Amino acid sequence: MFNLKFLALLFLALNINLSHASVVTVKIEDADIFNWEPIQKIKPGFGSNGPVSLNWDPNNDLFTELLAYDRGYSGGAGVFCWYGENCALQLSVTAENTVLQLNSFALGYYGYGNNVQYSVIDLATQTSVLQDSPWIDGAISTLIPVNASSNKGFMILFGPDGFNGGINNITYSYLSAQPGEPVPTPIPAAVWLFGFGLAGILGFPRS
C-alpha cells in the first residue's frame, strides 16, 4: 500500500511540474497605439514572450496587415484587416525543445453581429486544427477555445468581414526543456483525472 501511495503522489508531482508553463494573454488595448495603426509596423512583435514570437503581418500585405482599434468590437478592443478572408496572425516558436500551446482567442464584431469564419493552422504540419464560422454578437466578444499544441507555431486566419470582424485576447503558453532533455508536452485532462482518482482511492482507509 505504501508503494502504491508513493507512486500516486509521484505521478501527481510530475504532472504539476510539467503543467508550470508560462501563460501569456495578449490584449490589444495594452499596445498603447492609435486606432487604425498597423501593429507590426508600430510595435513589431507585440505580445511576443520568451521563445514565442508574434507577427501581425505575416503576409507582408497592405490589405491583410492587422490594424488596432481600441473599444468598439463587441464592447472591447480588437484588430482587423482591410479586405479578404485571411486576416492573419502568426505565432512562431523561436527556440528548440519548446512546445507552444494556443489556448484561446476572442472574436468580436463591430456592429450588430454576423458570422465570422476562422481557422487555426499548425505550422508544423500545415494542416487546420480548428475551423468554424460562428455567429459573433455585436455586444459581447466570443471566446474561441483552441487548446492545440505545436513545436513550430500557429497561423490564425479570420474574416472575411474586413473592418467588421476583430480578434483580441490571444492566450498562449509554452513549455521549454534544456538541451538534451525530452521536449515537454501538455498533460491531457484525462490523465489529470486518472491521477486525482488514483490518489483519492488510495486515500480511503481499508475497513
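## Surroundings of serine 173

Leaving aside residues up to four places away in sequence, serine 173 touches Ala21, Ser22, Val23, Val99, Leu100, Gln101 and Asn103. In this predicted model, serine 173 belongs to strand E13, which spans residues 165–176. Its relative accessibility is 9%, so serine 173 counts as buried.

## Disulfide

One disulfide is found when the whole structure is searched. The bond joins cysteine 81 to cysteine 87, with the sulfur atoms 2.0 Å apart. The disulfide is left-handed because the torsion about the S-S bond of cysteine 81 and cysteine 87 is about -70°.

## Salt bridges

Two salt bridges are present in the structure. In one of them, lysine 41 pairs with glutamate 65, and the closest N and O atoms are 2.7 Å apart. This pair links distant parts of the chain, 24 residues apart: lysine 41 is in helix H2 (residues 39–42), whereas glutamate 65 is in the loop between strand E2 (52–55) and strand E3 (67–73). Lysine 41 counts as exposed, with 56% relative accessibility, while glutamate 65 counts as buried at 6%.

A salt bridge is also formed by arginine 71 and aspartate 70, whose closest N and O atoms lie 3.7 Å apart. Aspartate 70 has a relative accessible area of 36% and is therefore partly exposed.

Methods: Residues numbered from 1 in each chain as written. Predicted model: local features only at pLDDT ≥ 70, side-chain atom pairs only at ≥ 80, totals over all residues. Heavy atoms only, no water. Disulfide = S-S within 2.5 Å. Helix = DSSP H or I, 4+ residues; strand = E, 2+ residues; numbered from the N terminus. Buried < 20%, exposed > 50% of the residue type's maximum accessible area, 1.4 Å probe, protein only. Contact = heavy atoms within 4.5 Å. Salt bridge = Lys/Arg side-chain N within 4 Å of Asp/Glu carboxyl O.
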